[in-house]
Amino acid sequence: MNSVTEMGMNRTGMATSPVDGKALVEGAREGAPTSAGDAQQLDALRDDYVNAKMKVGSVPPPASMKGAMGAIANAVKGADMASFIDRLGERLAFERAGTRLYEALISKYQHLADVDMEPSLGQLQEIRDEEMAHFAILRAAIGELGGDPTVETPAADVSGVASMGLPKVLTDPRTTFTQCLEAILTAELVDNDGWALLIKMAEQFNRKDMAAQFRGALAEEQEHLTKVRSWLEARVLKGRPVD
Amino acid sequence: MALDILRERGTALAKQQFTWKDIVQPPISKLDDDAFTRVRVILMNGIESEALRFSHSCARMNRELQLDLARVRRVEQFQQTTINWLNPGDQSQLETTIGFEQVAIEITAAVAMQETDPYLRQVYHFGLLEDFDHLYRYAALLDRVDGKDANNILQCYTDIRPGRATMFHHRAPEDDLRRPYDKATATALSKLHAGTIMAAEHQTHDYYMNVGPSFSDPAARLLYAEIAAVEEQHVTQYESIIDPTETWIEKWLLHEATEVWNYFACVENESNPRIKRIWERFLDYELGQLHHVMDVMKRVERRDPAELLPAELPDPIPHASQRAYVREVLAREVDLRADGTEIVPREKEARSSIDYRQQLNADGSPSEAVAAGYQWSPGTELGVKVNGDARRRQHEARA
């Protein structure tokens, strides 16, 4: 792993090529667009597809009779069981992926030459274990509602697409530990809001037991967020942005 | 320095070996390596991909060549992997696409400059101005959807402006075929040029067909669908300039010579010492493969390969910005069209292609919509808007 980010031969900017850069700008000015309009024209291309009202996918019907009965009972109250299962599935997928992200961060940490700053290996392992425990909580909750915890729900899928870049950052041998903490921070921010929403949904379904469990998970996630923020800030502000 | 391919025997085929870690080497840097290092990576991946494609086609038609083809092909598989895996993980598919179009522009322009056959040069110009326009359309997409600057990839070597507008590229199949060179009279240089550009374009087509559906945005899916169709036409064009009466072994020999010649150009031009060592090694491998095929030709066809190949290969393709040349061609030939095998002024375009295009564009043109009003500006087109807004606010404050 790189231990130092050096001033170097970054060639992406205009200033690297003053002569060619000037020619490029002049050439672009001379080349008039072949049709009028602006970036809004892309929406015209998208309109027909948006109007087709296709969805990413669906939440399957409850896998058990108990779940089916629950869905009917709650549908009467106006609460949306499918939406609850969808969100539970999303968090489950996120916690499962989060466990893997922390494993990748631990692997990156083990290549650090200098480990005198927080986090310690133990702190990272603790968070990793908590992410896995959260995954287990969600798996049990979905099962209890008669759902299938192995399903990839639409919210899980979309959240997976949104965070596609995170494992790419964490597993790239060229990224620094600090760059990886930045990626983890984006995951923790989303995770905190995700748990807060789940607590409200559990209360809506009058599942106080679940809401209590989820509050415990949120408290741990808040702690993760605070720690990751402080580790990142310390590394950046105290001159360790590069390892 | 010229390369004497009859005397230089390179690495014997039996000694061309790999391990997995040897195949998967650290990638190039998207930020720090020269854009022409990426150009070489993309080009040589295309050359090796064509080697595999040709080899499989040949094997399906020639039982007696299958073992020799399989032996050479196994090495080429690993050469292609080594090269293609030099692309870094932080280079998005759309950024890689920008690199593909830079290859199509700079390498085709360099080939056209060197080509001595005026008809073939005309054909290269024709394709060049279309790939030049594709770059502009993809740059607009990159800016407008991902908020990124195509010039971070191009590094100021290549202009970003309209060429022959993509909506006019769609032609009837009969207007995409060109006249082939004559194998008996064409120069070795013409044959090497044709093989190189055909390989690059075929790879471009295959790449767009693979990555197009990975985008979720309909605008991107439409643009890739449209430009992939044009790349298919380009493959049709460039394979038709090659004499179809060359024997299978003759074609194989020319493929190997094309590989040698292009690796030689990479060695001559490479600025990254680590990557240069890969080009040097693979140049030696290709010389070994070329001599293997020479032996096959002697054994099977009882022909002397020296009749087909010059002792010294022509000067390699220069890997450098061809901005001035491209601008000249753009100014002179942007309005040209096709009529059968001939490149003609716009007013003489074949009716068949006009009708074909009208039907295909009947629901609108993705490439026009994506780049509507787009003019590249350093960083992003938003820069122009931001500057304009600031000026307007200053003006209002003064008023």
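How many residues of chain A are in contact with chain B, and how many of chain B with chain A?

## Where the two chains meet

Let's start with the answer: on the chain A side there are 32 residues in contact, and they meet 33 residues of chain B. Keep in mind that this is a predicted model.

Which parts of chain A do the touching? Helices α1 (18–30) and α2 (41–51) of chain A each supply at least two residues of the side that touches chain B. The most comes from α1(A), which gives eight residues to that side. Sort the touching side of chain A by class and you get 13 nonpolar, 12 polar and seven charged residues.

## How chain A is built

Chain A is a simple one to describe: it has nine helices and zero strands. Follow the sequence along and the pattern reads α-α-α-α-α-α-α-α-α.

Chain A has 243 residues, and 29% of them count as buried. Now look at its contacts with a separation of 6 or more: 80% of these are between residues 24 or more positions apart.

## The nonpolar cores

Time to look inside. The largest nonpolar core has 107 residues. Those with the most contacts inside this core are Ile98(B), Leu128(B), Ala139(B), Leu141(B), Ala257(B), Val260(B) and Phe264(B). Helix α5 (residues 118–146) of chain B provides the largest share of the core, 14 residues.

Pick out Ala139(B) and see what is around this residue. Leaving aside residues up to four places away in sequence, Ala139(B) touches Ile98(B), Ala150(B), Ile160(B) and Trp376(B). There is also a second, separate core, with 22 residues, including Met81(A), Leu138(A), Leu198(A) and Met210(A).

## A closer look at Leu92(A)

Now find Leu92(A), which is in helix α4 (residues 81–109) of chain A. Is Leu92(A) buried or exposed? Leu92(A) counts as buried because 25 C-beta neighbours lie inside 10 Å, and the cut-off for being buried is 20 or more.

What does Leu92(A) touch, not counting residues up to four places away in sequence? Its partners are Phe135(A), Leu138(A), Arg139(A), Ile142(A), Pro149(A) and Ala156(A). Another of them, Phe135(A), is 43 residues apart from Leu92(A) along the chain, and yet the C-alpha atoms of the two are separated by 5.2 Å.

Methods. Residues numbered from 1 in each chain as written. Chains lettered and ligands numbered in written order. Predicted model: local features only at pLDDT ≥ 70, side-chain atom pairs only at ≥ 80, totals over all residues. Contact = placed C-beta atoms within 7 Å. Helix = DSSP H or I, 4+ residues; strand = E, 2+ residues; numbered from the N terminus. Nonpolar A, V, L, I, M, F, W, Y, C, P; charged D, E, K, R; others polar. Core = buried A, V, L, I, M, F, W, Y, C linked by C-beta atoms within 7 Å. Buried ≥ 20, exposed ≤ 12 C-beta atoms within 10 Å, placed from the backbone.
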